[in-house]
Amino acid sequence: MKIDMKKFAAWFDDRLALTPIFKYMTKKEVPQHEHSFWYYTGSSILLFLFIQIITGIMLALYYKPTLEGATDSIGRIMTEIPLGWLVRSVHSWSSTFLIAIVMIHLLAIWFTKSYRKPREATWMTGMMLLVVSMVFGFTGYLLPWDDLSLSATKVGTNIPMAIPVVGKWVTQFLRGGGDVTGDTLTRFYLFHVCILPLVIFAILAVHILLVQKEGMSVPLKDEIAKKKVPALPFWPNFILREVVIWLVLLGILLTISLMFAPSLELTADLMAPAPEGVKPEWYFLFLFQTLKIFPANMGPVTGEFVAVVLILIAVVAIFFLPFIDNKPEGKKGKIIQYLGVVGLIYAIVFSIWSLL
Amino acid sequence: MRIDNAYFTRRKFLNSILGGWLGAVAASFISPIVKFVWPPYKEPDEVKLVFADYSGMQPGEVKNFPWGSKPGLLKRAPDGSFIAWVGVCTHLDCNVSWVAAKQQFFCACHDGWYDENGTNVSGPPPKPLRRLEPSVEGEDLFVRKPGVGAKT
Amino acid sequence: MRKIRVLYLLVMVSVVLAPLAAVARQSGVPPTVKDKAQIEAAVAAQAAPTQQAKPAPAPPAAKKPAAKKAEVKRTEPIVPAYSGIREKTAVIVFYVWLWFSIAVLIYFLRLWIKEADRVYKAKYYEPEESPRKDNPMDPVLGD
């Protein structure tokens, strides 16, 4: 019996009226210029997000989010469940890849100044997505409940204390109390699997809708010159190229997951002193080092307070970057470009420094 | 050979190779995922117990022992030997208990009864309780699946 | 130009990222084949009581009666390992198949991309500008 695809599609179309979406996909165009390679970063993030969801659900089938059960349940995943160690490895490495590509995406948008009018809201939702991804990583890092992640979480949740007035409340909210305990673990698990996914889907939907609404940006000089940039249709030309990139990224992810599968350390001991070499995940290293270089006391306030305030000011400034950089073609625009390079070098140098 | 008008074009052929291969790659991910989501579950072949815990059993007494994640039932026969069953009802997997007053096993879920040999006598259970083979070896009491010999 | 970009990104990702992250995290050794019995033996060799990490379909590990809550603590990190030579072979075969498939798929995708670009350039779907005068179908590639 021959299945008539057209009739099948027509049945759905009569009820859902999705044809406009497909028509839009064929009409949407992707400009081709010397920087158009960076357009691939957006969909690569979606690829890794998808992988995280699938592997995350698989891991959650066996993970037990309690103080007593957490580490052992991961030990069981790694030893008893077929290929459990590989699923855990993929989930762990895919988080690294995801955040790395998010940062590359941010840098690409920064240097091409794609955040300028009318894409300010896209930038701001993107910044929110960056923060949510890093919180994803932070909450997930605690879940194995080993010595290192416990200490890193203690340090990380202590940082809001430096903020006056609200800091203590924030820390208590994060920890589920005054200290990092089993309650913290359960709370972080809830954030990681329920609250943050809902939040990221909501913000992601807005972000992607904005991207479709505004279209793809072109380099600044082309916009100034009002040059008509040659463009490719999104479907099928650009999608096919994206599939190539996805396949290669998938292969690299699997290679690295197989070669560098993480092991499971010993269960955390709440009473034990902090282990040597306490450090957060790599994407927090530069912030960690920034906190470390400030002296303990700076006049009437702690060094930590100054560091936290500076970091917050920087984050807010970057969040409102499209409004700060309101004249992208001018001198201020150039300075902001160089500031981006400076920021990148600072992040890399401080990250490496924190490991030494 | 050149065909001027063909229904099955070169394009269709290449399209189907591409689509088919893509589908094959996607399908090859299914097997490991399925293995992960449905892990192999094995009942133990044998269970080692401390005989001292059961040596004081009176004839006719029934005690529980762990059989993997299921309860096992151990009964001391009048002649002093042991009989063992998997203490799970053959109807719908509820745990079974020994009612000494009636000398029968009772499943509370749907009012199923088994006699002292584990044979189903009343209620919905379709089959007798599954038998296991207990054997005392020195200080240990081994309970094995029927047919599983002693491991050295 | 584009090929060099792709290569560049690949090199950047795998060379820069992997060692950096592997140093920053606790990286396990490449998994080796370890029999379940071997792991149990290694774990049991510790002086302190150790944790049983697997069930016992084979010779039973010491079963702790439910009444006694023994203090079982693991003293060694759990290193990722294949559960047998079968699993290792399966993973290696899958891995080789995946990269081979990626190569084949990219080969066909490049053909398809070139064709899509050619069709677009020839303005096949815009009858006003197209050299062809017949009615275009819905813009779906293939017949």
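**View 1. Strands β6 and β7 of chain B.** In this predicted model, β6(B) and β7(B), the latter covering residues 112-114, run antiparallel and are joined by three bridges. Strands (E, at least two residues) and helices (H or I, at least four) are DSSP runs, numbered from the N terminus, and two strands pair if DSSP finds at least two bridges between them. Opposite B:F105 stands B:Y114 of β7(B). Four residues lie between the strands of this hairpin, in which B:D111 has a positive phi near 65°.

**View 2. Strands β5 and β6 of chain B.** Three bridges pair β5(B), residues 97-99, with β6(B) in the antiparallel sense. B:F106 in β6(B) has B:S97 opposite.

View 3. Within β6(B), residues 104-107, B:F105 and B:C107 form the covered face, whereas B:Q104 and B:F106 form the uncovered one.

**View 4. The setting in chain B.** The C-alpha trace spans about 95 × 40 × 20 Å along its principal axes.

**Conventions.** Residues are numbered from 1 along each chain as its sequence is written, while chains are lettered from A and ligands numbered from 1 in the order in which they are written. Local features of this predicted model need pLDDT of at least 70, and side-chain atom pairs count only at pLDDT 80 or more, whereas totals for chains, interfaces and linings use all residues.

Terms used: A residue is buried if 20 or more other C-beta atoms lie within 10 Å of its own, exposed if 12 or fewer, and partly exposed in between; C-beta atoms are placed from the backbone.
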